[in-house]
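Please look over the chain shown below before reading on.

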Amino acid sequence: MSTSAGLPPIPGESIDPPPKTAPGLVERLEARDDTAGTAVRVGFRALTRFGEARASLLAAGTTYYVFLALFSLLALAYGVVTLVGADDLAVLLTEAISEAFPGLLGDEGIDPDQLRAIGQAAGIVGLLTMLYAGGGAMAAVSSSIHLIYGAPPDPRSFVPAKLRLLGWLIVIGPLVLFSFAGSSVVFGLGNRLLAEVGIAGSAGRWLLGALGIAFTLAADVLVLHLLLGRLGGIRPPRGALLPATIVGAFALQVVRLPMAFVLGLAVDNPRYGAFAIPIGVLLVIYLNLLAIYGAAALAAGLADRDVPLDELVPAAPDDAPTSED
């Protein structure tokens with residue numbers, strides 16, 4: 001028996017209006033064999049996937065799991081760094097997290113020393129709990145991309161599925177952190193190196209800035225390539241996957257530009273009080289997930305570009321079962 005990606009409608013009388021058909025302008029434009037036709041063909045299919053999968057709701061739901069996992073994983077990271085005695089790495093980790101989530105650590109946020117203490121005090125059970133929280137976030141991301149791709153749920157049993165997602169978390173987690181804070185890390189390490197060799201000036205700073213952006217873009221491309229190509233139940237063709245990951249990486253960079261401003265507004269708003277930083281962090285996570293699911297919808301749209309419109313846009317349920325049947 002095959003497994004469907006969606007549930008069939010229940011018996012009953014339909015009370016919503018019928019699904020919208022593709023606009024006539026879209027049908028005329030996509031029939032053109034030129035750049036505009038290709039752009040409309042791909043764009044309409046990507047938007048259809050994004051809307052039909054309720055990607056904005058998926059991003060909101062995934063934000064919950066990522067937010068729950070965030071603090072556990074931070075405590076775990078600080079605990080590991082403290083256990084190996086890498087003080088310089090702890091400082092670098094603090095700088096990276098502060099760059100990724102301005103205001104989260106420090107006087108108005110969480111004390112890094114407290115995170116280190118929590119990470120050190122966590123035993124085997126605590127560490128497993130922390131990893132389980134991260135696995136839940138990965139499961140939410142994987143399930144969401146499954147829905148956008150129209151893939152059936154992961155058929156693996158509970159334990160193999162969780163172990164697989166934890167493995168991907170160990171691979172993708174550090175890349176995500178670097179993609180958030182790679183530019184500041186490169187800039188900080190580069191400044192030390194330039195000072196050691198006696199090079200100074202604006203030219204060196206511009207070079208470091210360009211290298212930082214290049215490294216973070218490369219990290220974003222790699223993260224998106226792994227998420228969209230490995231965790232969605234279907235691997236899109238290379239001609240669809242690679243452009244989507246590149247566009248998605250640039251979208252993530254654009255989304256992150258106003259992060260400090262957004263978090264600053266939340267922290268400075270007296271109405272939020274103690275909830276200011278969590279609200280800001282939730283918004284940052286949500287916007288990044290929207291960009292990721294938008295990239296997944298684009299990959300699906302590129303893969304769908306030769307699929308007829310009548311197979312993508314739902315038809316009106318003329319013969320839907322009713323309560324009288």
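**Notes on the predicted model**

1. The accessible surface of the chain is about 18400 Å², and carbon and sulfur atoms account for 67% of that area. Accessible areas come from the Shrake-Rupley method with a 1.4 Å probe, and for residues only the protein chains shown count as cover.

2. This is a predicted model, in which local features need pLDDT of at least 70 and side-chain atom pairs count only at pLDDT 80 or more, while totals for chains, interfaces and linings use all residues. Residues are numbered from 1 along each chain as its sequence is written, and side-chain values use heavy atoms, with hydrogens and water left out.

3. Mean pLDDT (the predictor's confidence in each residue, from 0 to 100) is 77 for the chain, with 65% of residues at 70 or more. By element, the lowest mean is that of helix α5 (residues 112-121), at 65, and the highest is that of helix α9 (residues 238-256), at 92. Over residues 316-325 pLDDT stays under 50, and the model has 12 contacts for them beyond four places in sequence. Contact means heavy atoms within 4.5 Å. Where pLDDT is low, predicted coordinates should not be read in detail.

4. The chain holds 12 helices and zero strands. Both are DSSP runs numbered from the N terminus: helices are H or I with at least four residues, strands E with at least two. Of contacts between residues at least 6 apart in sequence, 79% join residues at least 24 apart.

5. Beyond four places in sequence, I148 contacts R49, A53, A55, L58, Y293, A296, A297 and A300.

6. N288 lies in helix α11 (residues 276-303). N288 counts as buried because its relative accessibility is 6%. Leaving out residues up to four places away in sequence, N288 touches F180, L252, V255, R256 and M259.

7. Buried residues of helix α2 are G37, R41, V42, F44, R45, A46 and T48. After α2 comes R54, with a positive phi near 55°.

Notes:
Buried < 20%, exposed > 50% of the residue type's maximum accessible area, 1.4 Å probe, protein only.
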